[in-house]
Amino acid sequence: MTPEVTPAATSEAISATQDDPYLWLEDVDSDRALDWVRARNEATQAEFCDAAFEEMRTQALEVLDTDARIPYVRRRGEFLYNFWRDADNPRGLWRRTTLDSYRTDTPEWEVLIDVDELGRADNTKWVWAGADVIEPELTRALASLSRGGSDAVIVREFDMLTGEFVPDGFELPEAKTQISWEDVDTVLVGTDFGPDSMTDSGYPRIVKRWRRGTPLAAAETLFEGERGDVSVSGYRDRTPGFERTFVGRSVDFWNRLRFELRGSELIPIDVPTDASSVSIHREWMLIELRTDWTVHSTTYRAGTLLAANYDEFLSGTRDLHVVFEPDEHTCLYHYAWTRDRLLLVSLADVASRVEIVTPGDWQCEPVAGIPDSTNTVIVAADDLGDEFFLDSSGFDTPSRLLRGAKDGELEPIKFAPAFFDAENITVSQHFVKSADGTSIPYFVVRPGASDGPGPTLLYGYGGFETSNTPSYGGVLGRLWLARGGTYVLANIRGGGEYGPSWHTQAMREGRHKVAEDFVAVADDLVRRGITTVEQLGAQGGSNGGLLMGIMLTKYPEKFGALVCSVPLLDMKRYHLLLAGASWIAEYGDPDNPDDWAFISEYSPYQNISSDRKYPPVLMTTSTRDDRVHPGHARKMTAALEAAGHPIWYYENIEGGHGGAADNEQSAFKMALTYSFLWRTLGSCRA
């Protein structure tokens, strides 16, 4: 049984914005819209929240709340800082300890901010959004708190010495704020200063210098962007001996104008505007290229990491050193500085490797002591010292936290528990050709005793150069793998698994390649006998939710069930809703007829058919998501109901773009997902 079906609406009826019968569902907090949400939430809970669901919810919460998981840290001065949630502290604790204590099985933590206690005092369900601690003094912090998990935050100044919020300190009301320390009595801030101070994407357009003891209205304007920009920002590098102020304009999602601000003089940093990253550390500048860059007679390939002396580069010298250069199998994943060394993580056919680079000669040395066949990431690196932390895990291998220091030796310092029996789990990587002949990799994780096809969950994202790598998932293992399900991770284009070109070829008019890659993997799973169409489910969120919408409306015969979370779906109006305008560079501009010609081919909301058979869908979102508007999921659900398709809907009243504000909400959402999948794809074994 599905929720109540409203009067029919054809795809033609919703093809034009003015004819959209469900536009009222974009009114996020209206009584009418929330009544609609509650009715569907109740129907979904009544259908799927049974005894099996409750067992899965309990098991998921055990994974999320267990004290045995690794408390990840970053160093500030003599302390290691961590943010922690558990059953007793669902909203979390910001806390710190020493390295000696951290090495023990039961570290002694000093709690700085108890978010649950703060929420009770304020009568507000705060969600922690981080803290900017002034360095190197480490005496004050700018703590950010979100109402229900939204991107918009309030900011309060916190005294690190007294452990109290500062009376009459720096404080900002709720907004999508960007703030950083210039000195102990001055901050650089971009926020909602009033009319015309935000971009069309809803982010700060102006950076100001705000001095202690003065009203925000008196803050000095330092830098302004345009209304059509995505955002502007400013920050002060307070590294002793290398103090500099930087400002920049993100003119679209992929292009940024960068400047150093000296007094009132703006000095352009003449690097490609579409560089993936530009970082300045002490005397060095690193430039990561998204597209080819020719300097004098030398062309550097997209995906290359270049180094230069910053001051010399600013003076016009172009003495560039290649730190990393990709090939057809490898790409740069991420990097981080300690004081005197550079850590590089690269991917080779989606498997990670780690190197340490010495600045100056830029020689790379592999890091020894990292387990084979695992996904390794940099957790933290101390750019004022020599310490760094790496985390290594695999689909069937729980996380190991490794600490490195000046001697380069890695010290295993923490081990995550195993949350499911992986003894008989097999992991394999396969490749399949997409429609244009491109070879697409994917991982298959399944019980070793599997004989023939079985329930399979295929996950994909395919956008914004985001790489999906093989890592451990305790909840996935307990609720899916341990019950006999197969999990598949598709490394489709649009991501960054093979560098920037893996993404750029699937932007705008190339977006059809994302869907074609995903369908190629789905077909190959059936062809290999891993699953059948009826037993194949797929899941994606945000941009991956858009992918699920495309699977539903263009390839419904390929799947037995779909889970679509915090999705974009109405691509005719996405740029008018919340942060949507910031993604025009990724998807195209629907107000431009040439762009709409290719967007309209796949926009799920405009391509619903009442004549084709669709698989069952679970649609989830969050009322408090102020990045991807919940109206996408609401309107798509209403239109699918009207067309007579099987659709289940759940909207968390909190949660932001992550869909959950605490571990209990996360456990509920995960259990609901797996309850739906087992119900639609096949029975699980407990």
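Author: Strands (E, at least two residues) and helices (H or I, at least four) are DSSP runs, numbered from the N terminus, and two strands pair if DSSP finds at least two bridges between them. This is a predicted model, where local features need pLDDT of at least 70, side-chain atom pairs count only at pLDDT 80 or more, and totals for chains, interfaces and linings use all residues. Residues are numbered from 1 along each chain as its sequence is written, and side-chain values use heavy atoms, with hydrogens and water left out.

Reader: In what order do the 8 strands of the open sheet come?

Author: Strands of a sheet pair through backbone hydrogen bonds, either parallel or antiparallel. Here the order is β32-β33-β35-β34-β36-β37-β38-β39, with mixed pairing. β32 (425-433) and β39 (647-652) are the edge strands, each with a single partner, so one side of each has no neighbour in the sheet. From one strand to the next, the twist averages 15°; angles run from 0 to 180 degrees between N-to-C directions, and axes are lines fitted to C-alpha atoms, for helices over the stretch in contact.

Reader: How many bridges join β33 to β35?

Author: There are 4, and strands β33 (residues 439-447) and β35 (residues 486-490) run antiparallel. Phe 443, for instance, has Leu 489 in β35 as its bridge partner.

Reader: Which strands does helix α6 touch?

Author: Contact means heavy atoms within 4.5 Å. Helix α6 (residues 474-481) packs on the sheet against β32, β33, β34 (456-459) and β35, and its direction makes about 135° with that of β35. Helix α12 (residues 631-642) also packs on the sheet, touching β38 (617-622) and β39, at about 155° to the direction of β39.
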